[in-house]
Amino acid sequence: MPATDLHFLTIAEAARLIAQRDLSPVDLTAAYLRRIEALDSQLDSFVTVTADLARTQARAAEAEITAGTHRGPLHGIPYCLKDIYETAGIRTTAMSKLLADNVPARDSFCGEKLAAAGAVLLGKNATWEFAHGGPSWDVLFPPARNPWNRDHSPAGSSSGSGAAIAAGFAPATLGSDTGGSIRGPAAANGIAGLKPTYGLVSRRGVIPNCFTHDHAGPLAWTCEDLAILLQTIAGHDPEDPASAAVPLPDYRAALTGDVKAMVIGVPWAWFDELPLSPSTRSAFEASLSVFKDLGAEIRPVTLPSLQDYEYSKKIIAVAELFTIHGHDLRTRPALFGASLRYRIIAGGLVRAEEYIQAMRWRTDLARAMQNVMATVDVMMLPTQEPAGKLEPVPPETLFTKLSFTTAFNVGGNPALSICNGFNDQGLPFSLQIVGKLFDDATVLQAGDAYERATPWRQRRPDLHA
Amino acid sequence: MTDAPTREEIALYARNIGLTLPAAYLDELASAYANVRILIATMPTGRPHGDEPAHIFDPAKFQPVSAADVKA
């Protein structure tokens, strides 16, 4: 394989070549580092590149594999982490001036898992400040840009993560999702991103946004790659009180390409509440036709309103955010970016009664979600509209703006975003696939079957030095 | 929903939670709080006494993880 093409290998492809000793982890890592060096100034998807560490880890992986020890499909595979994942000895800023000098002593749970799997850390990805307020131009680093069109947003908050995967700067990254922060960037950048079931992946060492809705999860080019990553990072962690002790299936083995008789629910009424553009609706309906042709059954489902899910989450979130950032708001408010400060400053005025009532509301909404999910295998809907321009967003709009993603943070259900085509500007459309609690395997199975049946994984953004 | 608080009331609320803010940030707080009130006004009320919120304490989640966590 020409060295110039290495950066577009999927994890599965690179892992196979490495296992056969047809690809050197050192060469693969060098290819990514060269590409980041040449092109990331156009996208600002990395805030820290750990080139020396990556070369050292790649050499160690290569030596071990050559000596006959192959740890598994991530051995020698480069990856990056959203800059809210704590990394021992490596600055972890959450994009905030408040953490400009923060160097953690310990890796996150997920980072430890990836290191144990022999993966190679390329660096840390841009985010919105504390994974919440953005895009911002008054924080520690500039916002990431969309590789399909630099004038457009890569969405957030795992913005650099999404951009880096699409640009071929890494085959794997981890993000976090409190209201759509993995799925939004996956959608905007035309890649695959999974918000796993709440509790399946430990949040230990991931700087919190909103404890009760935070999820850690992977972004990659394909669902097969997500399955490989999830297999490695899922599992019980006694240090995360939300972590669930559940048996893990073989996620990759679930990817059979077969969705015959799968029952797919569609919450059509939500599209009256948050109308779809004609082109997004058309891409969504075409995706449903693909599943019908593959033998799946499509049914309408009815859920509580999107607004109920969105508002309950935001009341809880603003109170929890203030709890996390209250000390800094009292002592050094000027160090926050204006967008984040606006979005959290009123959290201190939410009364305890209001917070607890919102948590009671969440109980109702989560139950309603599970009642509907009990009638189908998966639910499908668009993740969001194609990426808009990268420009400041009036922060007051963020309180009442609706999305198709937040409801599944409220429910805790696994939710995947994949690419389901491109609009007339060449920007990706997105399809969201939602599953029953802890049935992440079926979600990946459906996504993988769609990727196999459609041509969208063949197109990449065109970046030049 | 009750009447929107005045700027003076917002300043008092802020002081009560330990926020001594410059004028510009006080305007931010007033604007943001008005938006939060919109969200709160939509919440269902009149719930049964026994309605449990979604954050029930599970004591088993807080046992020592390692020997280092155990203090005599």
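Which residue, with a positive phi, follows helix α1(A)? The residue is Arg21(A), and its phi is near 60°. The structure is a predicted model, in which local features need pLDDT of at least 70 and side-chain atom pairs count only at pLDDT 80 or more, while totals for chains, interfaces and linings use all residues. Residues are numbered from 1 along each chain as its sequence is written, chains are lettered from A and ligands numbered from 1 in the order in which they are written, and side-chain values use heavy atoms, with hydrogens and water left out.

Helix α1 of chain A covers residues 11-19. Helices (H or I, at least four residues) and strands (E, at least two) are DSSP runs, numbered from the N terminus. The buried residues of this helix are Ile11(A), Ala12(A), Ala14(A), Ala15(A) and Ile18(A); a residue is called buried under 20% relative accessible area, exposed over 50%, and partly exposed in between, with a 1.4 Å probe and protein chains only. These residues cover an arc of only 165° around the axis, so they lie on the same side of α1(A). The arc is that of the directions from the helix axis to the C-beta atoms. An α-helix has 3.6 residues a turn, so residues three or four places apart point the same way. The cover over the buried residues of α1(A) includes α2 (25-39), α3 (51-66), β4 (172-177) and α7 (223-233) of chain A.

Helix α5 of chain A, residues 159-167, is mostly covered, with nine of its nine residues buried. Among them are Ser159(A), Gly160(A), Ser161(A) and Ile165(A). After α5(A) comes Gly168(A), whose phi is positive, near 75°.

Contact means heavy atoms within 4.5 Å. Thr173(A) has a relative accessible area of 1% and is therefore buried. Its side chain reaches the backbone oxygen of Cys80(A) at 3.0 Å. A polar contact of 2.9 Å also joins the side chains of Thr173(A) and Asn125(A). A polar contact is a pair of N or O atoms within 3.5 Å; within protein, one must be able to donate a hydrogen and the other to accept it, and residues adjacent in sequence count only if both atoms are side-chain atoms.

Charged side chains form another kind of link. Over all chains, the structure holds 21 salt bridges, each being a side-chain nitrogen of Lys or Arg within 4 Å of a carboxyl oxygen of Asp or Glu. One of them joins Lys124(A) and Asp83(A), at 2.9 Å from N to O. This pair links distant parts of the chain, 41 residues apart: Lys124(A) is in strand β3 (residues 120-125), whereas Asp83(A) is in the loop between β2 (78-82) and α4 (109-116). Both Lys124(A) and Asp83(A) are buried.

A second salt bridge joins Arg106(A) and Glu239(A), at 2.8 Å from N to O. The two residues are 133 residues apart, Arg106(A) in the loop between β2 and α4 and Glu239(A) in the loop between α7 and β7 (263-266). Arg106(A) is partly exposed, with a relative accessible area of 37%, and Glu239(A) is partly exposed at 34%.

In chain B, Asp51(B) forms a salt bridge with Arg47(B), the closest N and O atoms being 2.7 Å apart. Asp51(B) is partly exposed, at 23% relative accessible area, whereas Arg47(B), at 15%, counts as buried. Back in chain A, salt bridges that share partners join Arg106(A), Glu112(A), Arg204(A) and Glu239(A) into one network.

How do the two chains meet? In chain A, 37 residues are in contact with 31 residues of chain B. The area buried between the chains is about 3,200 Å², of which carbon and sulfur atoms give 67%; buried area is the accessible area (1.4 Å probe) that two parts lose on being put together, summed over both. In chain A, Ile345(A), Leu349(A) and Arg360(A) lose the most area to chain B, together 22% of what that side buries. Three salt bridges are counted between the chains, including that of Arg341(A) with Glu28(B), at 2.8 Å from N to O.
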